[in-house]
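Visitor: Please take me through this model one question at a time, giving the cut-off behind each term as it comes up.

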Amino acid sequence: MQSSAMAIEVADLSKTYKEGLVFRKLHNALNDITLSVQRGEVFGLLGPNGAGKTTLIKILLGILHPNQGTARVLDMSAGSKSARRKIGYLPENLIFPRHHTGRSALYFYGRLSEMSDAQIASKERELFDLVSLTGREHEPVRRYSKGMRQRLGLAQSMLHDPDLLIFDEPTDGLDPMGRSQIRDVLCQLKQRGKTVFLNSHILQEVELICDRVAIMALGKLRGIGTIDELIQNHPDASKATVIVEVLGSAQQVQDATQNCVISRIQTVQDSNDSQSAIQRIAVDASNQENVDKVVDQLRAASVSIYRMERFRPTLEQVFMSIVGSASAQPKEN
Amino acid sequence: MKPYFAILYDSFLESVSSKVLWILLIAWTLILAAIFPLSLSQGESYAFNGTNIKSPKTILDQLAAASAGKGTRKQKAVFAKLDPEFQRNLKDRQANQTRISVGKLIDSLNKLLLVKGLYDKEVWPTADKRSELKDVVENENRSAVELERLNRGLIDLAFEGSIESSSGQASWVTYGGIKLGNALPLSINQAKPFIETIIFPLVMRLGLGIGAMFVAIIITSPMIPDMFQPGSLHLLLSKPISRSFLFLTKFVGGCTFVAFNIVYLLIGLYLYAGIRLDIWNRGILWCIPLFIFMFMIFYSVSALVGLIWKNPIICVVVTAMFWALCLGVGWIHFFFDLNLNLQNQTQRIYSVGDTTMIGTQQGRLQFWDDESKQWKIAFGERNGQKILGPVWVSNDSAIYFGRSRQMPFGFRSGENTSLEICRAPDLKDPNDTTFKTKIWDDGRLDSGAELPPESQQFFTWKNTFGVFAQDGLYAYDAETAARAEQQKSMLGGFGFGIAKTVLPAYKLLTPKNWDLARPMDIGVAPSMEHVITYSRGKLKHWTIQNDMLEEVGKGSLEIPAETVAILGTNDRTCIVCPIGIAPFVIDVDTLQVRKRLEDVGEASFRQIKVDSKGRFVLLTTEGTLWEVDADGEECTKPSVTGQGNALAIHFNESDQLWIAHSGKRADLVDLDSQKSLLSRNPKLGIAESVFAYVINPFYQVNPKPAAVNETIEYVLKNPKNKTIAIDRNDLDVPKVVSDPWTPIWSNLAFVVVMLTVSCWYLYRQDL
């Protein structure tokens, strides 16, 4: 039987929580989610708090039972023991039992992953090196910083060489140095061709690492695709504008571009010396002739062009736009 | 299974790294160190105590008389050496009939044991001829113990018949070699069964069953809730392990933690008992799995509560409530069981013609009413007294029985025993309505003459009945008793304050130098030609000469002197059944052991009955019946109704055997055909019905963690100590019908149910 190319396949997945003992209220944590993640892909799951990201991950791990829909992981039923054998998981706010050292914790979780001590021993050096914990592995985990604990968590998730790695907010609460170290590990995993399912609300790291991204809000999937696709699909992406930054005074610029179509002129850096002042001009780029004309006239007026780039919305803008519009919709229960 | 072993191993590591474990281990070590100096030491003591003063009243009377210059020289000499205050008390008693407590008498006699100069050759001329005193009389430089022995011997001689002689064997509880309290009138060997049967179970029940168990529940209560910390639980659940097994492994981990403590503590106790008390009781080691199991019962509740509420405090509270519920149900059951089954259990059965009567453990004499199919209470108990007899005397057309307060393990109550006389209710007489309309009360009894001191048994004797008492065998003389009664009325009419017995209503059948000491028993052949007595391992054969019993032979058994035994005899063969030893078949003429009844095994017996043809039926304390032929050659276990559950037996006039069994049932069986001829199966009353159909089923369904204590008591009990007795009366305790392993099965079922519910809950739950 040919194995599916998909690492994760989720179709029409819904999950409703019941809250309260007497007066029970229903809360839709997931609503008809359908997505798939290809093998070897680094997939980012974005969304604000309460979007349903962790619920989706728990269903993939079998910790939660869906009310509706199907979820398959590595061509196996999500949550099945065989599927869990091939998953490495780093949970949010990981807590290690206090009695462990870094090494004993690694052995404990390795044994839980059905590894022999010899197998664990053969990999422990490499992993401690990878997560930069070499030399600290014999210290009790209760003395570890949060970053060290997260890196140890990463090490345990990779120990049994899983086909799929699921990371839930791996850089949450870490300082920039800690984030950078975690990001380095993720990059290495990407280079090794591992499938990574990354749940985060830190957009920069997702933008840097992920091949594809899904954005969730209020339990629904609001967008999915590569980052370029998401940006292309953003309404601002169709507004063609070229930003030109020039050296000169605002008056010089206005004089030079009298017959051109420009959106606005903004002083970025003011100075008494006209050659030191920087003005930013937003040029309508829907017509290339207009752009050429602006450049020609600026040069003809001896205005130096300092920088010039075509505008494109950021992932953050796309995210804010999607999440903002989702929040504006009436809540579904 | 590797992941589950990893979790188990991790639980162990967690325990080892936790301070709680070390604190507990230090606590156990301190407790063991504290009890380690506690021990028993054996020595010689001739001190008086409540068990060896046979007749304190007689002694006080004689001492009071000595205070007035009356009585024997010996008694006067003893009085002269008593402490002055007690002498004044005795003088007061002589003059004003003031009361002196038995305790005070014992204290004064014990002080006298250490007084020098009591011995006077003229007063005690035969003392230096007595083997037990000879050496101390001759020795001028006596040690304190020798002085005690001498004085004790002299006092015994001064009050012969009123004091039981002392073997000098005694033991003390010591702490670090220091004696605590008074000497126990037991050798260490005698004390050991009590320690194993009473002290060990008490320590286990209170110390471990309640104290340590509660500590364990508190300490382990966070284990399951801790498992639910999201940061660690979700990582565990992402691994290829089943939720149920994860829970069960955590459960086993909690039990392992407790097991570690129990093993440490109980091995410590085992070594303490072995090294310090010389009791190497393997039952203590068997208690290890039993206590772990008992903890599992509570922990299965705590674990389920932990799964649901994830809060250790709620775990402890709910587990304590569960404990209280079980305890409450257990107590209610015990209360009903005690009152309806144990106290009401048949202790003896007797029949006269068509009338069947039973004596209960509670001291009630009950008659069978065939019309209502009930045992009717004829005479209620008086302060829980025990029934002696009953015996039917056809000449008097009366049933005689006695009521005495029997204290366990040889202690004496100090109360006198009264004789009660009643007529058998004529159930066929339509005019005899008393029995049918109203329970007979004690007002309908005729009180007879006070029984001889320490009366132990009634037996049929010639045209009357005999009484086996501490100082001899007596025959009731109805005529003398009647004269005494008459004289009493006369004197009473003149306003004299008089004692109950004016003339001796009991004729002494045995010589005055009767020197039987407890434990003792008597067997009277159905022909009444031969009487065999047992006392402290020795047998005596008595026959009738001139209406008196005369000793015609002696024998001894190779058993420790303190062994309690019962016996039965016909004209040729006597069977002696010491507790826990295969019975001896003795030739009556020679008192030599003919054989041992090995088929019976090392059982303990409560009754032996002999029919008119000399056939024996033996009843064990376990309720098993054995039939032995008149020559003691063949021993069989008859297949009769009540076999295995028998409580009392009695041969009727036709040599048919009444067997009281299964609480209040009774069957008349023909031993030859092994068929039941008549059955007395009482209908349940309201209270019995409530117990049988409501309380007992609820109790059976209800988990019974405390019942595991019964199993613990069972394993602690040395098989040789199945029955512990210091006196013959100790064999008459109620038979508790219970299988020691039943609590294990019923509680195991409960644990399985709780764990299954927990696993199901965990499987269904979103975490």
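Visitor: How many other C-beta atoms lie within 10 Å of Phe465(B), and is the residue buried or exposed?
Guide: Phe465(B) sits in strand β13 (residues 464–469) of chain B, where helices (H or I, at least four residues) and strands (E, at least two) are DSSP runs numbered from the N terminus. This is a predicted model, in which local features need pLDDT of at least 70, side-chain atom pairs count only at pLDDT 80 or more, and totals for chains, interfaces and linings use all residues. Residues are numbered from 1 along each chain as its sequence is written, while chains are lettered from A and ligands numbered from 1 in the order in which they are written. A residue is buried if 20 or more other C-beta atoms, placed from the backbone, lie within 10 Å of its own, exposed if 12 or fewer and partly exposed in between, so Phe465(B), with 25 such atoms, is buried.

Visitor: Leaving aside its neighbours within four places in sequence, which residues is Phe465(B) in contact with?
Guide: Contact here requires the C-beta atoms of two residues, placed from the backbone, to lie within 7 Å. By that rule, and with neighbours within four places in sequence left aside, Phe465(B) touches Val391(B), Val393(B), Tyr400(B), Phe458(B), Phe459(B), Thr460(B) and Tyr476(B).

Visitor: Is Lys373(B), whose phi is near 55°, buried or exposed?
Guide: The phi of Lys373(B) is a positive value in a residue other than glycine, and the residue lies in the loop between β6 (365–369) and β7 (374–379) of chain B. Because Lys373(B) has 11 C-beta neighbours inside 10 Å, the residue counts as exposed.

Visitor: What share of the 767 residues in chain B is buried?
Guide: The secondary structure of chain B comes to 19 helices and 31 strands. Among its contacts between residues at least 6 apart in sequence, 60% join residues at least 24 apart. Of the 767 residues, the buried share is 41%.

Visitor: Which helices do the buried residues of α1(B) pack against?
Guide: The 16 residues of α1(B) should span 22 Å at 1.5 Å a residue, which agrees with the 22 Å between its end C-alpha atoms. Its buried residues are Pro3(B), Ala6(B), Ile7(B), Asp10(B), Ser11(B) and Ser15(B). These pack against α2 (19–35) and α12 (243–277) of chain B together with α3 of chain A.

Visitor: How many nonpolar residues are on the side of chain B that touches chain A?
Guide: The contact takes 21 residues from chain B and 20 residues from chain A, and α1 (2–17) and α11 (230–237) of chain B each supply at least two residues of chain B's side. Ala, Val, Leu, Ile, Met, Phe, Trp, Tyr, Cys and Pro count as nonpolar, Asp, Glu, Lys and Arg as charged, and the others, Gly among them, as polar. On that basis the side of chain B has six polar and five charged residues, while its nonpolar residues number ten.

Visitor: Is α3(A) parallel or oblique to α4(A)?
Guide: The two helices pack at an angle of about 130°, with their axes 10 Å apart, axes being lines fitted to C-alpha atoms, for helices over the stretch in contact, and angles running from 0 to 180 degrees between N-to-C directions. Angles under 35 degrees count as roughly parallel, over 145 as roughly antiparallel, 65 to 115 as roughly perpendicular and the rest as oblique. The angle therefore makes the placement of α3(A) relative to α4(A) oblique.

Methods. Expected span 1.5 Å × (residues − 1).
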